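Subject: Structure handover and notes

Dear colleague,

I am passing on the structure below, and I would be grateful if you could look it over alongside the notes that follow it.

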Amino acid sequence: MTFGWRRTNGKREMELIRFCNQINTSVIGASSKLFKYFVDNFEFDRIVSYSDLSLFDGKMYSNLGFERISLSEPNYFWVVDKVRRHRYNYSKKKLVKRGFDVNKTEVKIMHELGYFRVWGCGQWRWEYRRKSLI
């Protein structure tokens, strides 16, 4: 489980960036034990995190005491040479910089290259607020 300070604001807001297990391994209670250690030993006002609906149901977050805040619009990625690639790597601006026609859209250029777009399902934004000591 990894955490980091959010860079988007001046608040004391942390982000739970990743939680994972070793492949084919599951440790019962690992997320709650690691999260409890973090909450007990670090200063913050709020922790945010995101769960990708195409991959996870987000149940871990509700089990940890997070509140589900909002759902993003569906996102997409490109499949390039049978590998999932983030869409930011293939923005129209970057494609034009590589010499592609400025009059064509990102989608048109990518389809002409033989790549296809796959849509996700959106992401839930989760928040955990430190409980008041009073």
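A word on burial comes before the rest: a residue counts as buried at under 20% relative accessible area, as exposed at over 50%, and as partly exposed in between, with a 1.4 Å probe and protein chains only. By that rule Ser-31 is buried, with a relative accessible area of 16%, and buried residues make up 28% of the 134 residues in the protein.

Please keep in mind that this is a predicted model, in which local features need a pLDDT of at least 70 and side-chain atom pairs count only at pLDDT 80 or more, while totals for chains, interfaces and linings use all residues. Residues are numbered from 1 along each chain as its sequence is written, and side-chain values use heavy atoms, with hydrogens and water left out.

Overall layout

The protein has four helices and eight strands, where helices (H or I, at least four residues) and strands (E, at least two) are DSSP runs numbered from the N terminus. Read from the N terminus on, the elements follow the order β-β-α-β-α-β-β-β-α-α-β-β. The radius of gyration, taken over C-alpha atoms, is 19 Å, well over the 14 Å that the globule rule gives for 134 residues, so the protein is more spread out than a compact globule; the rule itself is 2.2 Å times the number of residues to the power 0.38. Along the principal axes, the C-alpha atoms fill a box of roughly 60 × 40 × 20 Å. The protein exposes about 10000 Å², of which carbon and sulfur atoms supply 53%, as computed by the Shrake-Rupley method with a 1.4 Å probe. With contact meaning heavy atoms within 4.5 Å, 67% of the contacts between residues at least 6 apart in sequence join residues at least 24 apart.

Five strands form an open sheet in the order 1-2-3-8-4, with mixed pairing; two strands are taken to pair if DSSP finds at least two bridges between them. Strand 1 (2-5) and strand 4 (67-71) stand at the edges, each with a single partner strand, so one side of each is left without a neighbour in the sheet. Within this sheet, strand 2 (residues 13-18) and strand 3 (residues 46-52) run parallel and are joined by three bridges, and Glu-13 has Arg-46 as its bridge partner in strand 3.

Three strands form an open sheet in the order 6-5-7, and here the pairing is antiparallel. At its edges stand strand 6 (83-86) and strand 7 (116-119), each with a single partner strand, so one side of each has no neighbour in the sheet. Strand 5 (residues 76-80) and strand 6 run antiparallel and are joined by four bridges, with Phe-77 standing opposite His-86 in strand 6.

The nonpolar cores

A nonpolar core is a set of buried Ala, Val, Leu, Ile, Met, Phe, Trp, Tyr and Cys residues joined through side-chain atoms within 4.5 Å. The largest has 13 residues, and those with the most contacts inside it are Leu-16, Phe-35, Phe-44, Ile-47, Phe-66 and Tyr-128. Strand 2, helix 1 (30-41), helix 2 (59-64) and strand 8 (123-129) each supply at least two residues of this core. A second, separate core of eight residues includes Tyr-76, Trp-78, Leu-95 and Met-110. Not counting residues up to four places away in sequence, Tyr-128 touches several residues, among them Phe-35, Val-39, Asp-45 and Leu-64.

Individual residues

Arg-18 lies in strand 2 and, at 56% relative accessibility, counts as exposed. Leaving aside its neighbours within four places in sequence, Arg-18 is in contact with Met-1 and Thr-2.

Most residues other than glycine have a negative phi. The loop between strand 5 and strand 6 holds Asp-81, whose phi is near 55°, a positive value in a residue other than glycine. Lys-82 is found in that loop between strand 5 and strand 6 as well, and its phi, near 65°, is also positive. Asp-81 counts as exposed at 61% relative accessibility, and Lys-82 counts as exposed at 83%.

With best regards
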